[in-house]
Amino acid sequence: MALLEVENLQTHFRTPSGINRAVDGVSFHVNEGETLAIVGESGCGKSVTSMSLMRLIPEPPGRIAGAIRFAGRDLLKLSDREMRAIRGNDISMIFQEPMTSLNPVLTVGRQIRETLMIHQGLDKQAAEAHAIEMLTLVGIPEPKRRVREYPHQLSGGMRQRVMIAVALACNPKLLIADEPTTALDVTIQAQILKLMLDLKSRVGAAIILITHDLGVVAEIAERVMVMYAGRKVEEAPVAELFRSPRHPYTQGLLGAVPRLGSSLTGTARRLAEIPGQVPDLRKPITGCVFAGRCALATDLCRQYAPGLEEKAPRHVAACHYAAKGAVAA
Amino acid sequence: MLSYILRRIVATLPVMAIVALFVFSLLYIAPGDPAVVIAGDQASPEDVERIRQSLGLDRPFLIQFGSWVWRILHGDLGTSIFTNLPVSTMIGQRLGPTLSLMIVTLLLTIVVAVPLGVVAAWKAGSLIDRVIMGFAVFGFSLPVFVVGYMLAYIFALELEWLPVQGYTPLAQGFWPWLENLILPAVALGCVYIALIARITRATMLEVLQQDYIRTARAKGLGQGGILFVHALKNAAVPIVTVIGIGIALLIGGAVVTESVFAIPGLGRLTIDAILRRDYPVIQGIVLLFSFVYVLVNLMIDVIYTLVDPRIRY
């Protein structure tokens with residue numbers, strides 16, 4: 001059964017120069033315990049999507065429409081109080097910047113305790129004990145000492161571990177991780193990913209992983225949704241997507257990943273770039289959102305927007321020309 | 001921490017020395033011969049000469065300054081020309097009312113201005129924000145004596161809720177003491193409240209944009225916890241700084257406020273001393289105010305370490 005069902009999500013922002021359609025009609029679902037990756041370049045709407053799920057978009061200037069059904073309840077219909085009871089408890093979030101996402105003037109312990117005291121009704125002592133437990137769980141040495149320290153006394157990797165401890169303290173059913181490893185050193189990235197996977201299997205939480213790092217996707221996601229210009233352009237199980245991407249944009253994304261050691265093995269090729277820029281989301285787009293940058297685009301693409309079409313089992317893409325059935329990549 | 005405070009106290013010594021030098025020079029900067037000034041209009045040349053010698057005014061400037069400082073360090077601020085009482089005694093008698101007025105004003109300001117600033121920042125751009133900031137401009141533009149007389153007219157003369165003027169020492173009961181201080185504190189606090197509310201709003205606006213505020217919201221915290229714990233504690237350093245700087249405003253304003261409400265404090269003493277050209281008293285008061293100001297700023301540096309763990313000395 002789907003834990004989260006998002007239907008025709010539209011998050012628009014009123015700006016002085018028109019309405020910015022940051023997310024425009026995106027639908028997807030996440031099953032219990034599943035890991036869904038949302039990928040796309042900067043400005044494609046993946047972060048706005050995740051913020052919309054938590055209703056953390058300031059309204060106004062933002063406006064969220066559509067339906068976000070979490071465990072059967074439409075989050076967009078809840079009162080602020082009901083929504084607060086879900087945030088940090090049933091759905092929690094990890095952000096990109098561990099350096100700035102923790103409050104610099106409150107102790108690490110206090111920041112973990114808070115959610116436990118609000119949502120689980122623990123008293124201070126019990127919450128403190130649980131906070132120490134959480135720090136142990138995320139692999140922070142000397143948790144009894146660290147719990148009294150402030151974020152600036154911790155390294156970047158340690159802080160992201162603390163963020164994970166905060167996010168998982170209440171055993172959420174869904175964890176939204178917005179670029180959780182982007183700001184970290186490569187060696188630390190691997191540790192954090194492994195930690196997230198370990199904890200996921202322990203807690204049984206579903207994960208929505210927002211990233212532009214396809215290496216991370218291959219490593220931990222089960223299903224991938226590709227976003228472009230505020231829309232979903234392709235979705236498939238991870239192996240299927242990497243093996244046979246259907247949308248030209250996805251193909252471009254995969255082609256733009258450098259392969260380690262390729263110049264040594266003689267298989268080096270020029271990194272494929274995707275020419276052009278993301279279209280201005282404040283102007284209405286007719287036709288395919290990717291047409292302006294697509295090598296295959298024809299007049300058909302520029303006039304009629306392609307719908308999402310099942311190109312292979314559990315594999316959808318929004319492209320007039322994407323091949324159906326099995327293709328050799 | 002303790003060693004830092006000690007170092008800071010030592011560091012205030014040069015500041016105090018320079019202030020002392022200025023204060024001492026007052027007597028010389030003022031037009032006319034100090035001895036003539038002190039002796040008054042009806043003094044004979046012999047009187048002037050006698051005063052000159054008794055005050056050591058015939059000795060070189062630096063020697064005079066040195067012996068003056070030496071006496072101050074021993075707690076001797078000199079003797080009033082007008083009353084012949086020791087300056088320290090006169091200041092001691094007037095300290096209570098002024099201190100009471102300043103403390104009540106300070107507390108009132110913090111209790112009123114900080115929440116106003118926080119709410120204005122939270123509701124930035126809304127009607128509430130504009131009303132609060134409008135009042136802030138208003139409060140900032142009105143002179144203390146205008147506000148003072150207005151308040152006295154409305155609340156004391158017309159409504160008769162509070163006494164028009166005067167002062168009752170704390171020893172005679174809390175309410176009689178406070179009752180006399182409410183109107184002066186509001187009058188004196190106006191400018192100060194406006195200043196602190198504005199700086200609180202500006203700082204909070206910036207803090208509310210930070211990533212950790214988004215984190216706090218994502219954790220399911222209520223608006224109150226976000227504003228007054230997560231945000232305000234981060235905004236505290238600039239706010240505390242301005243509160244400290246504002247003490248100077250209070251000192252200046254107290255002089256006027258005490259005149260308006262007939263409070264027998266240091267402000268009144270200052271005005272009386274200036275009118276009588278009672279230089280030793282003026283010197284003593286200015287020195288005291290400077291010392292208090294330096295001390296307050298030292299306290300503020302200590303408070304920094306309490307609100308922001310990243311600041312360590």
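How are α10(B) and α11(B) oriented to each other? This is a predicted model, in which local features need pLDDT of at least 70, side-chain atom pairs count only at pLDDT 80 or more, and totals for chains, interfaces and linings use all residues. Residues are numbered from 1 along each chain as its sequence is written, and chains are lettered from A in the order in which they are written.

Chain B has 12 helices and 0 strands. Helices (H or I, at least four residues) and strands (E, at least two) are DSSP runs, numbered from the N terminus. The C-alpha trace of chain B spans about 85 × 55 × 35 Å along its principal axes.

α10(B) packs against α11 (residues 266-275) of chain B at about 90°, with axes 7 Å apart. The two helices are therefore roughly perpendicular (65 to 115 degrees). Ala254(B) and Val255(B) of α10(B) are among the residues that make the contact, as are Gly267(B) and Ile271(B) of α11(B). Contact means C-beta atoms, placed from the backbone, within 7 Å.

Chain B also meets chain A: 19 residues of chain B contact 24 residues of chain A. α9 (211-218) and α10 (223-260) of chain B each supply at least two residues of that side of chain B. The largest share, 7 residues, comes from α9(B).

Notes. Two residues are in contact if their C-beta atoms, placed from the backbone, lie within 7 Å. Axes are lines fitted to C-alpha atoms, for helices over the stretch in contact, and angles run from 0 to 180 degrees between N-to-C directions. Angles under 35 degrees count as roughly parallel, over 145 as roughly antiparallel, 65 to 115 as roughly perpendicular and the rest as oblique.
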